Amino acid sequence: MDAVRNHLRRAGGGLFVLMAFLALPGRAATYTWADSAGGPFPAADNWTPAGGPPGSADTAIFNLNATYQVDFAANGTTADAQFTAGGAGATVTLAPATGVTWASNRILAGYGVTANALAITGGTVTAAYHFALGAGNGSGNSVTVSGSGARLTTTNFDLGVGYYIDGGNYGNNNTLTASAGGVISAGRTLYLGSGTATGNLLEVTGAGSQVTAGTSIAVSGTGGNNRLTVADGATASAPTVSLGGDANSLTVTGATVTASSTVNTGGTNNTVTATDGATVTGSGEFIFASGAGASGNTLTVSGGATV
């Protein structure tokens, strides 16, 4: 009889644990955008499976091979967001209203796919940790932040083009653009290329357009042709701006690049060009062709530019 009682106690304890588990509030889920015509983010019928929209514990997936706009009239939060359509001509436009923020812990755009396009035309899109464009061997992807008031930011960590913190999974020929007053801001480091990455571009163009980083803007990659271009009244600023790797470039045309500490160029066959009244300045030092093995680097200053 005692054995039976003990068995029931054990079974009853297990039943209690099971019931407690089932009674927990909703756990993290993954929701996929399902409306190729676009629409408001909070609308439940724009998501699959039923139960959307994704909330602060959930993942939002945008993988329709279509061109559409997602609107935000109020602040929203997700745990993870991924833009992985991977089809030429497919563009997702995120359009938070003025003063509205959509926040996610991590945002991956074009991760492991080709020709995914993302546009941010208003409000703020922010990743608390990492934003990565075209990593995971992704190629030919783009993100454009355009218009006064449009912002792409990371709060605590890095923003990468052809680079992600997972390491080894670099991307090629991806383009990140701030234009017409758009702002891109990395909480820590903004990586343009890294490792074997090639052909990635960060372009900042037009009066009021800005790129900033809390620690550094780092252009590198042994694959070459990773390019930071700042033009037509735009600005780029960070404590350190560095150019390394092989055959990468910094081009400043009628614009300003400012480092509160140092501007540092090393590696091989890299190019710094300042022209048309451009300014490249550091409150500390401008270091050119530094470090062991630095060779073949070129500095060109013309058209009233200053370095």
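Me: What makes up the lining of the largest cavity, by class?

Reply: The model is predicted. By class, the lining of the largest cavity holds 7 nonpolar, 3 polar and no charged residues. Val219, Leu228, Val241, Leu243, Leu250, Val263 and Val272 line the cavity. They count as nonpolar because Val and Leu belong to that class. Ser242, Asn264 and Thr265 also line the cavity. Charged means Asp, Glu, Lys or Arg.

Me: Which elements give two or more residues to that lining?

Reply: They are β21 and β23. About 50 Å³ of space lies in this largest cavity.

Me: How do you know where empty space is left?

Reply: A probe the size of a water molecule is rolled over the atoms, and this shows the empty space. A search of the whole structure with a threshold of 30 Å³ finds 1 cavity.

Me: What does Ala236 touch, beyond residues up to four places away in sequence?

Reply: Ala236 touches Val211, Ile217, Val230, Thr256, Val257 and Thr258. Contact means heavy atoms within 4.5 Å. Tyr111 is 125 residues from Ala236 in sequence, and the C-alpha atoms are 25 Å apart.

Me: What makes Asp80 and Arg106 a salt bridge?

Reply: Their closest N and O atoms are 2.7 Å apart. The cut-off is 4 Å, between a Lys or Arg side-chain nitrogen and an Asp or Glu carboxyl oxygen, so the pair qualifies. Asp80 lies in strand β6 (residues 76–83) and Arg106 in strand β8 (residues 101–109), so the pair ties together parts that are 26 residues apart in sequence.

Me: Are Asp80 and Arg106 buried, exposed or in between?

Reply: Asp80 has 9% relative accessibility and counts as buried. Arg106 has 26% and counts as partly exposed. Buried ends at 20% and exposed starts over 50%, so a value in between is called partly exposed.

Me: How many salt bridges does the structure hold?

Reply: The structure holds 2 salt bridges. Arg188 and Asp158 form one of them, at 2.9 Å from N to O. Arg188 lies in the loop between β15 (183–186) and β16 (189–192), and Asp158 in the loop between β12 (151–154) and β13 (159–161), so the pair ties together parts 30 residues apart in sequence. Arg188 is partly exposed at 29%. Asp158 is buried at 4%.

Me: How do you describe a pair of aromatic rings?

Reply: The whole structure has 14 aromatic pairs. Phe41 and Trp47 form one, 5.1 Å centre to centre with 75 degrees between the planes. Phe41 and Trp47 are buried.

Me: Why is the pair of Tyr163 and Tyr191 called tilted?

Reply: The centres are 4.2 Å apart and the planes meet at 35 degrees. Stacked needs under 30 degrees and edge-to-face over 60, so the pair is tilted. Tyr163 is buried at 13%. Tyr191 is partly exposed at 21%.

Me: Which residues do ring pairs link into a cluster?

Reply: The cluster holds Trp33, Phe41, Trp47, Phe62, Tyr68, Phe72, Phe83 and Trp102.

Me: What is the peptide bond from Thr48 to Pro49, cis or trans?

Reply: It is cis, with omega near -5 degrees. Pro49 is in the loop between β3 (47–48) and β4 (59–62). A cis bond also joins Gly52 and Pro53, with omega about 5 degrees. Pro53 lies in the loop between β3 and β4.

Me: What is phi of Asn225, positive or negative?

Reply: Phi is near 65 degrees, a positive value in a residue other than glycine. Asn225 is in the loop between β19 (216–219) and β20 (227–231). Its relative accessible area is 40%, and Asn225 is partly exposed. Asn269 has a positive phi near 60 degrees. Asn269 lies in the loop between β23 (256–265) and β24 (271–275). Asn269 is partly exposed at 42%.

Note on methods: Residues numbered from 1 in each chain as written. Predicted model: local features only at pLDDT ≥ 70, side-chain atom pairs only at ≥ 80, totals over all residues. Heavy atoms only, no water. Helix = DSSP H or I, 4+ residues; strand = E, 2+ residues; numbered from the N terminus. Buried < 20%, exposed > 50% of the residue type's maximum accessible area, 1.4 Å probe, protein only. Phe/Tyr/Trp six-rings, centres within 6.5 Å; stacked < 30°, edge-to-face > 60°. 1 Å grid on protein atoms, 1.4 Å probe; cavity = no way out; pocket = protein on both sides within 12 Å on 5 of 7 lines; lining within 4 Å. Points joined across faces, edges and corners; volume = space filled by probe spheres on them.
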